[in-house]
Amino acid sequence: MISALDKKLFRDLLHMRAQALAIVAVIAAGVAVFIAEFTTLASLTESRAAYYERQRFAEVFAVCKRAPKSLAARIEAIPGVNVVQVRTVAEVSLDVPGMDDPAVGQMISVPEDRRPALNDVHIRDGRYIAPDAPGEVLAGEEFMAAHKLKPGDNIAATINGRKRKLTLAGSALSPEYIYVVRAGEFLPDKKRFGVFWMGERELASAFNMEGAFNDVTLKLAHGANEPAVIAQLDALLKPYGGIGAQPRAKQTSHWYLENELSQLRALGLAMPLVFLGVAAFLLNVVLSRQIATQREQIAALKAFGYSNVAVGAHYLKLVLIIATIGGAVGVASGAYLATLLAQLYSEYYHFPKLLYVLPPGVIVAGVGLSTMACVSGAMISVRAAAKLPPAEAMRPAAPGNFRPTFVERMGLQRWISQPARMILRQLERRPARAMLSVAGIAMSAAIFVIGFFFVDTIEYVIDVQFFRVQREDMSVTLFQPRQRGALHEIARMPGVLAAEPFRVAPVTLRVGHRSRQVGITGLTADAALHRVLDAQLRPIVLPPDGIVLSTKLGEVMGVAAGDALTVEVSEGARLTRQTSVAFLSDDFLGLSAYMELGALNRLLREGDSMSGAYLRVDPRLRDSLYSRLKAAPSVAAVSMKDTAITSFRETLAQNMMTITLINSFFAGVIAFGVLFNSARIALSERARELASLRVLGMTRGEISYILLGEQAVLTLVALPIGIVLGWMGAWAFCKYLIESELIRFPLIVSERTSALAAVVILVSAAIAGISVRRKLNRLDLVEVLKARE
Amino acid sequence: MTSGANPIVAPPQAAVFSARGITKVYRMGEVEVWALRGIDLELYGGEFVVLLGPSGSGKSTLLNILGGLDVPTEGNVRFLEHDLTAANERELTNYRRNHVGFVFQFYNLIPSLTATENVSLVTEISQRPMDPVEALKLVNLGDRVNHFPSQLSGGEQQRVAIARAVAKRPDVLLCDEPTGALDIKTGIVVLEAIERVNREMGTLTVVITHNSAIAAMADRVISLGDGRIQGVRHNTSKISAKELSW
Ligand SMILES: Nc1ncnc2c1ncn2[C@@H]1O[C@H](COP(=O)(O)OP(=O)(O)OP(=O)(O)O)[C@@H](O)[C@H]1O
Ligand SMILES: [Mg+2]
């Protein structure tokens, strides 16, 4: 048997169902985000752990120029080293059928007769390479999928200057390439970059690496001292052109995934807190109104002998039911949202199998968090109900305390109509509630802006990076640095309108114990095609001496203008030189270092050498020029800016669309929840007053104006605040979640984004307003006036 | 029909309530409002008492104190062997739950519950309750048990309130202006219901009114004025509610 009090509870709930549903939606949104992000976090973490374990992912990674295989035994003897794997790794240029621009293949050697001891591949399709099958390779699954290649298909590669036909034995995945990105780039490009695994002997002979290796990975013994192992490994590799080993934490794929996980963790907490804060506020408002209208019912209950606790529990139950429904809907939609996120992640992060883990702990935490938020929001009202002295409650509540508003006290009342005055007084009478309503609406605008600014920022980055920094149409990279005279050969080719030389030298920068592997780009002082810009987008003139670092690289190295820096060159004679920082300059992508071309040549102790050229090209001759360049034996790579921009956009666009849609939906939920509830509360509080005004002869429009005007004022006040909050949130997002060694985003929020935020909020406000207006139209004058408050 | 003509005089009994020197002062900032200024009072089992007095004379305040809804500023109130003035919140709740039935001027029904459910609300938490439908029959509402308050007239609502108050078989029935919101005819129906409970169940009944006509149906009429008892009158012959007119 359901007790009479519980029946009252259910009927009350049914009566306020629209408001309750709005709150349920906000709670559900918060819980859903929480569940989705933490489920994804757990799924990724566990999938990664299982993958690393099964494929024996290494813990230390090092490269060198060419070391004899006999060194492996000495590396194995380093205390703490468990397994050593030496390999040959090299980039090759690929000719993929149906693709005009070149693709780059990262070739990794694997034993022909058994699986690699470390970083084993996971065969997705086809089979592992056969021991006696020259030209057989495994290719990354995503590359094969991007080109619709199947096991058994062939592709052509230029390996160390010689054309070879490769046969794809199977498609594979590797823990080393969960995030597949070419060294030095930050976005994956499935079509233009692929990882390949080739038989050890064959790859070694193609690159003259027989009996030698240029890549070492280690598995450490349990409890090994990693920094000590790295130091000893560095010492062993140094004579062979070793450029400093890196722990797993700095391994590119691992680093990206780890970054992503920490973003998930931060967002998974921050977003739900906003939603649940809003839900708590809404519950507070709705419940305090409910209790105010039920004062006499509460008094009667107490007069019959219901205890304070019983009365408090009655109202708390109402909250718990709403919280529970919200939590349940949230868990269900969160679990679904997690599958969407998983899909999104699998676009970027490649696992043999993305485990779907919904840890009970996450559900408990999500539901617990939402319940706590709801209860804390409701507690003040529940306490008030429990404490209400029974005798007191029998007297109707005193009429509210009104007074002339601030505006009126300023002496401006002449300018304000009577209804407007009512609106202002109403707002001023409950400043805390008005403020919280404003905060809630502002929050939703902010969420929208934070969800959308990314689009603006990307567009800005594209504009700066591709149209102001890289003004060239094409860039040509040579196999070997050549004399500057080579520029004239290129410049003379038909279709080339302008050509500028560049020199990129791979180096390790060192200051004290800090070091980074970067490329120094040398540009002529008067470069007009490819320029270095400062934060104000003004071109920088490269100084005749010293090195210009990006601000981030300066920060990473702990240096400022004027500081000394050691440069260890990773090619040619592997010189170690000293230079000093000329100044730091802001940029967005990667860790970059620039020098004036002549200064770089001097640093490298070489003549007027160049490693490539930037070209401006006649669009009509673009394609023929491209084919001609590609056919030139000394050209390693040709890249076209158009394709770079397209791939940049493609890679990000899909991701951003999903996130943006989800965000704007949630922003709408919050705005609607706040506005609808605040209008409904206002209606319930003022139904009598408004009905009286109708009786006195006011039209429906006029009383709607009084009621909805209040909501309009709240919305209009909240909008600018919300947009500014959104900017701040976006800034924090850039600064704390995105900024890294690979990418820095400037805070760009376009007028379009702010306007869209305003539109979303205003539409939500309009829907809330219309639904209340419909109630208002049906306001039964007799009923309202008869009923005692 | 004949009960009104031959009133049953309550047999002398031990006092159910005895109040000594109760005062009630409301402090509102600087201002002190003396609602009660020293009340001494005895109420006996089975009695029908009418509290009469002008607005603001302290009637509701006194009734609330007797009903354990409020405590006096000073003085002492005993209910049988319980000292209400020494009771804590929990003891007062239990006292109300087990001994007191309340009827309010504005009915205070729970609008979301039907007549039966409103009565159940009380019977569910009392020790030896009547069946809710029985209680409704007692006030002649046996045919309206499943109606919601909004579907009932004022008089019917008040009778539901009476059924709700008596369904727990209280020792005292306290009614604060039960007919205040009703017309004569309806008021009389409601008073009949109260009278019947008093007579058939022998429940000590206190009814507040400022309608002196109603005083005629009481065993005793206590007049309040300015927070003091101005006079007590024993009706030698009380008349039934039916015969009232005002
Ligand atoms: N909570 C309170 N705060 C301040 N003053 C109060 C409070 N309750 C009652 N009073 C005052 O105490 C006095 C007695 O009030 P009470 O309600 O007992 O009068 P009453 O006789 O029931 O009047 P009525 O017939 O109008 O109901 C009044 O002057 C009233 O203003
Ligand atoms: Mg009164």
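**Exercise 1.** Determine how far a polar side-chain atom of B:E177 lies from an oxygen atom of ligand 1.

*Solution.* In this predicted model, the distance is 3.4 Å. Such a pair is a polar contact, that is, a pair of N or O atoms within 3.5 Å. Local features need pLDDT of at least 70, side-chain atom pairs count only at pLDDT 80 or more, and totals for chains, interfaces and linings use all residues. Side-chain values use heavy atoms, without hydrogens and water, residues are numbered from 1 along each chain, and chains are lettered from A and ligands numbered from 1 in the order in which they are written.

**Exercise 2.** State which residues come nearest to ligand 1 and which chains surround ligand 1.

*Solution.* Step one: 16 residues are around the ligand, each with a heavy atom within 4 Å of it. B:S55, B:G56, B:K59, B:S60 and B:T61 come nearest. Step two: the surrounding residues come from chains A and B, so the site is shared between chains. Step three: a polar backbone atom of B:G56 is 2.8 Å from an oxygen atom of ligand 1, and an N or O atom in the side chain of B:T61 is 2.5 Å from an oxygen atom of ligand 1.

**Exercise 3.** Classify A:V713 as buried, partly exposed or exposed.

*Solution.* Buried means under 20% relative accessible area, exposed over 50%, and partly exposed in between (1.4 Å probe, protein chains only). A:V713 has 31%, so A:V713 is partly exposed.

How values were computed:
A polar contact is a pair of N or O atoms within 3.5 Å; within protein, one must be able to donate a hydrogen and the other to accept it, and residues adjacent in sequence count only if both atoms are side-chain atoms.
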